[in-house]
Amino acid sequence: MQSPHPSPCALPPSLTVNPRLLPPLYLPLLAILLMFGCGYLAYHLSEQAGLRALADNGERQLELHARTVESAISTHTYLPSLLELEDGVSRLLLAPNEARRTRVNRFLEGLNQRSGSRAVYLLDRSGRVLATSNWRDADSFQGEDLSFRAYFQDALQGRPGRFYGVGSTTGEPGYYLAHGLRHDGQIIGVAVVKIRLDPLEQRWQRAQLEAFVSDDNGIVILSSDPARRFKSVQPLDAERRAQLAASLQYRWTRFEELQPLGRQRLSADTELLTLPGANGARPLAYLAQTLSLNDPPWQFTLLSPVQEVRRAATSHGLLAAVAFALLAFLLIAWNERRKTLATRLAAREALEQANSQLERRIAERTEHLRASNEHLKAQIRERRQAEESLRRTQDDLVQAGKLAVIGQMSTCIAHELNQPLAALRTLSGNTVRFLARGDSATASSNLQTINELVDHMGRITASLRAFARRSDDRGEAELGKAVDAALFLLHPRLERTPVTIHRACADARLAIDQTRLEQILVNLIVNAIDAMSAQSDRQLWLDGQLEDGHYRLAVRDNGPGIPPALRRQLFEPFFTTKPGEQGLGLGLTLSASLAAAAGGSLTAQHPEAGGTLFELKLPLLPPSPAESRRDE
């Protein structure tokens, strides 16, 4: 018995807290935090995988273009030493005169034209140009003093002269190859070949390649982006700047540092850079990979944009977050359903207990009436038990019906979404490879196709819901468009299992929903492909013809056919002839139901020549008033 007076230590009703209210308040917050955490984890993993693929592709391009730079230089290294074979060159250096100068100028001019170099010229021991291939030009090197150049000093001492710099006369950058010319064991002059490397930059620009080359001074001498040229990739102090300015190697260039906005080193020769955009554009992130050249001692750096990798990682993160949110919603709904059932069961048990207690009390107080009413109580008890048993049986049947409906809908959705998911898997894999190659146009086309497939999957689920609600929805569909869509969805299957398709069906407008028609065709073609998978010669015929306001489409294959003992069960739910777990046994059942809902039919025939023939018969769409007037 409860005390009629409240305890002095009890809280007022307005201040009491129900413990059961706390979990529902924290559950949405926890679900949101887990959703963001799952999305971030998917984004991070996708970004790391994309960067690894981008780095692997960059290493191949890095090696290829680095060797191209070396090859562009090595093809001209023999030219300076070639002048030792010309007697006129030695005579000019030993005893210069105007006639010998003219002959050597012409020789150098022809040699320059054949070799494709920028200029070929000859220096005496004092560093003055005696003969040059551009002696006819206004900016000729003739008579110019180049003794201050490092390549001349190296060649004069018997070492190969290698030097990159900006020409003091033309202001044109180039790479200089120098060789000391000997006569009787003594160096009597220096032969120099100047080659231009800007064709490499033009080739990079045409290939839309982001790259640059820095020399041993850390100065960018070649770049696909002209804005980066002659910038230093490492800090230069005042003394080093003064030395470079005094050497006139880069003429009067003001050295600016190529300063990234952000830098993250991933390995010894790979780092993640954020560089400012051109003309005030937003900063861009690149994966920078560097390779040292063998000769000359330069550094080749390849910049691979990571925008597409991060965009794909963002999409993967969003998909993971949405998938987790959907799973959390289903779990919460299931938990609420479980609580509701538990509450109902508890209420029913409490009611039964209260009823039993009431009956016992009544029996105790009315003991003197028990004898006269025993027969009546027995009948009432039997009726109550029968009603209780009937109620429990009805509840069990309702629950079993609900579970059966849920199972059928789940298996139908899994069966109908199997083909679009296969196409999505192939397209997404191709998209990753195209992104790794930098082919953004093809990747964008694949993403657009993936978007259309997702819409198609949405239409499938909407069509299943519409089919469950009503059976009088006719809609309209185009046969040719439905056949094309079905073959597109089955393209991965057709690549794995080649089938020769004979298509002889004219286009027609049918009174059925477009998505439902595509579902029927996909089911029929998939069954035909599976039936012919074990044979080498696979033939599939699609024949159609008009017939009394209907269109009859025959789908026939040359497979082994269906055994006579199994033909009666062909359209029964969950019946399949496929081995293992390859089929659910709902394709033909669902297809026949969709055809019947549209006022048509789906039947199976078994030709004597072998194979199986499914005949789909659907009503034609009546012509619109505008078409009727046009025909008149």
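Mentor: Start with burial: a residue is buried at under 20% relative accessible area, exposed at over 50% and partly exposed in between, using a 1.4 Å probe and protein chains only. Thr449 has a relative accessible area of 15%, so this residue counts as buried. Keep in mind that the model is predicted: local features need pLDDT of at least 70, side-chain atom pairs count only at pLDDT 80 or more, and totals for chains, interfaces and linings use all residues. Residues are numbered from 1 along each chain as its sequence is written, and side-chain values use heavy atoms, with hydrogens and water left out.

Thr449 is part of helix H10, residues 440-469. (Helices, H or I with at least four residues, and strands, E with at least two, are DSSP runs numbered from the N terminus.) What does Thr449 touch, leaving out residues up to four places away in sequence? The partners are Leu427 and Phe488. Contact here means heavy atoms within 4.5 Å.

Now move to a sheet. Five strands make an open sheet with mixed pairing, in the order S15-S17-S18-S20-S19. (Two strands pair if DSSP finds at least two bridges between them.) The edges are strand S15 (500-504) and strand S19 (601-605); each has a single partner strand, so one side of each lacks a neighbour in the sheet. On average, neighbouring strands here are turned by 15° against each other, direction ignored. (Axes are lines fitted to C-alpha atoms, for helices over the stretch in contact; angles run from 0 to 180 degrees between N-to-C directions.)

Look at one pairing within this sheet. Eight bridges join strand S17 (residues 539-547) and strand S18 (residues 550-557) in the antiparallel sense. Gln545 has Arg552 in S18 as its bridge partner. Helix H11 (residues 479-489) packs on the sheet and touches S15, S17 and S18. The direction of H11 makes about 170° with that of S15. Another helix, H14 (residues 587-597), lies across S19 and strand S20 (613-619). H14 runs at about 135° to S19.

Next, a charge over a ring. The charged end of Arg556 sits over the ring of Trp541, at 4.1 Å from its centre. The test asks for NZ of Lys or CZ of Arg within 6 Å of the ring centre and within 35 degrees of the ring normal. Arg228 also lies over a ring face, that of Tyr286, 5.9 Å from the ring centre.

A second sheet comes next. This one is open and antiparallel, with six strands in the order S7-S6-S13-S12-S11-S10. Strand S7 (220-223) and strand S10 (262-265) stand at the edges with a single partner strand each, so one side of each has no neighbour in the sheet. From one strand to the next, the twist averages 25°. Strand S12 (residues 284-292) and strand S13 (residues 299-305) pair in the antiparallel sense over seven bridges. Opposite Gln289 stands Leu302 in S13. Helix H6 (residues 198-206) lies across strand S6 (210-214), S7 and S13, at about 45° to S7.

Helix H8 covers residues 307-365. How far apart are its end C-alpha atoms? They are 86 Å apart; at 1.5 Å a residue its 59 residues should span 87 Å, so the two agree. (The expected span is 1.5 Å times one less than the number of residues.) Among the buried residues of H8 are Val309, Ala313, Gly317 and Ala363.

Finish with another buried position. Leu108 lies in helix H4, residues 98-115. Its relative accessibility is 0%, so Leu108 counts as buried. Beyond neighbours within four places in sequence, the contacts of Leu108 include Leu83, Tyr121 and Ser133.

Tyr121 and Phe141 are both buried.
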